[in-house]
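Good morning, and thank you for making time for this presentation.

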Amino acid sequence: MSMIRDLRAAVRPLRRGDRDPHPYDGTRAAGGSAVVDCAVYREGHRDSHSLGPSAALRTVRSENRGFVWIGLHEPTEEEFAEIAREYGLHPLAVEDAVHAHQRPKLERYDDSLFTVLKTVHYVEHAELTSTSEVVETGEVMCFTGRDYIITVRHGGQGSLRALRHRLQEDPDLLAKGPSAVLHAIADQTVDGYLAVADAVQDDIDEVEIDVFSEAGNRRRGGDAGRIYQLKREVLEFKRAVSPLLRPMQQLSERPMRLIDPEVQKYFRDVADHLARVNEQVLGFDDLLNSILQANLAQATVAQNEDMRKITSWAAIFAVPTMIAGIYGMNFTYMPELEWRYGYPTVLALTAAICAAIHRGFKRNGWL
């Protein structure tokens, strides 16, 4: 149990409001190299020498101890080609890593594992509108071998620099090898999902309160745009979470040559948290469907009330219209036509009939 606490402490993601102690975001400068960081680790300690990817691999294999951790950010085919050749990476995996936009997955090759993780970042906003961006996604791809781990990031979020520093503060974890780094990345990614899920829950609660409030009833369906936008953002969140369930189960349940047995059982903790987030996201979708249906029902009820009022007033105005139509036909012999008080009497009778109809509609709740 102490090891799992150490693992979780080392890979704790930044929560909302936290400040990254390492402000460098791990992305390349304009015109810079795609290699964000490259280091050799022996028994959990980082080698102080600065080495390139090829030299680092030769050093590790000549000494037959330690491993290399290379961090890349959005490399081009040309930039990744030499590293892929030196490390013997599979061409299909390399193509996926360069072009990105992959589903979360785990693929096993002869001497390496290729893992794709979707990172999710919550976009802060002062007010949720029908065009607000709620979640922003990126990708982290990991090539895990016996003596190396290569991480390829796409997008401006999900920097691993702070994670690298936290792991370096606990050599016992890094001494477990590349699989410990893979676990740390997966754990940080999934814990990031938990933080985003809590933030999205707040947005859904806000929309729900607005829909069922008196102000929301007066808007008569005006919240539908915000609800649809939230549904789109939740769908994007779901695409990052749901496909990752099977890869995490494979990493936690199936013995793998490249995963340290001591580390593998701690992937179960990641899989459990991922399952919890997946349930939350599915619940979000169902809840938003219910809120949308309630919002549309409110709009329908409001429209029905309007139609009843229009119908009631049309019925009331039909009486004077009918009487005026009859007397407007200009026949010679018409009731009370020659009577001195005929005109005010007809007006009074018309008003009385209209008042009676109005009272009836009022008592029935139509007006």
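First, the basis of what I report. This is a predicted model, in which local features need pLDDT of at least 70 and side-chain atom pairs count only at pLDDT 80 or more, while totals for chains, interfaces and linings use all residues. Residues are numbered from 1 along each chain as its sequence is written, and side-chain values use heavy atoms, with hydrogens and water left out.

The protein has 13 helices and 7 strands. These elements are DSSP runs, numbered from the N terminus: helices are H or I with at least four residues, and strands are E with at least two. Of its 367 residues, 46% count as buried. Here buried means under 20% relative accessible area, exposed means over 50%, and partly exposed is in between, with a 1.4 Å probe and protein chains only. Among contacts with a separation of 6 or more, 71% join residues 24 or more positions apart; contact means heavy atoms within 4.5 Å.

Let me now take the helix pairs. Two packed helices are described by the angle between their axes and the distance between the axes. The axes are lines fitted to C-alpha atoms, for helices over the stretch in contact, and the angles run from 0 to 180 degrees between N-to-C directions.

How do α2 and α3 pack? Helix α2, residues 53-63, meets helix α3, residues 77-87, at an angle of about 15 degrees, and their axes are 10 Å apart. The two are therefore roughly parallel to each other. On this scale, angles under 35 degrees count as roughly parallel, over 145 as roughly antiparallel, 65 to 115 as roughly perpendicular, and the rest as oblique. The crossing of α2 and α3 is right-handed. A crossing is right-handed if the near helix is turned clockwise from the far one by less than a right angle, and left-handed if anticlockwise. From α2, the contact uses Pro53, Ser54 and Leu57; from α3, Glu82, Ile83, Glu86 and Tyr87. By class, the residues of this contact are 4 nonpolar, 1 polar and 2 charged. In this grouping Ala, Val, Leu, Ile, Met, Phe, Trp, Tyr, Cys and Pro are nonpolar, Asp, Glu, Lys and Arg are charged, and the others, Gly among them, are polar.

The second pair is α7, residues 178-212, with α12. Their packing angle is about 20 degrees, with the axes 9 Å apart, and α7 and α12 are therefore also roughly parallel to each other. Which hand does the crossing of α7 and α12 have? It is left-handed. The contact between α7 and α12 comprises 20 nonpolar, 7 polar and 6 charged residues.

Helix α12 spans residues 267-327 and contains Asp272. Asp272 counts as exposed, at 53% relative accessibility. Its C-alpha atom is 9.9 Å from that of Val190, 82 residues apart along the chain. Ile323 also lies in α12, but counts as buried at 15% relative accessibility. Leaving aside residues up to four places away in sequence, Ile323 touches Val346 and Thr350. Between Ile323 and Leu347, 24 residues apart in sequence, the C-alpha distance is 9.4 Å.

Next, two further aspartates. Is Asp147 buried or exposed? With a relative accessible area of 2%, Asp147 is buried. Asp147 is found in the loop between β6 (135-144) and β7 (148-154). Its side chain makes a polar contact of 3.2 Å with that of Arg146. A polar contact is a pair of N or O atoms within 3.5 Å; within protein, one must be able to donate a hydrogen and the other to accept it, and residues adjacent in sequence count only if both atoms are side-chain atoms. Beyond four places in sequence, Asp147 touches Leu57, Val60, Arg61, Gly66, Phe67, Val68 and Pro178.

Asp96, in helix α4 (residues 91-99), is buried with a relative accessible area of 15%. With residues up to four places away again set aside, Asp96 touches Gln102, Lys105, Glu107, Phe114 and Met141.

Finally, two backbone points. Glu74 lies in the loop between β3 (67-73) and α3, and its phi is near 45 degrees, a positive value in a residue other than glycine. Glu74 counts as partly exposed, at 35% relative accessibility. His101, in the loop between α4 and β4 (105-108), has a positive phi near 55 degrees. At 71% relative accessibility, His101 counts as exposed.
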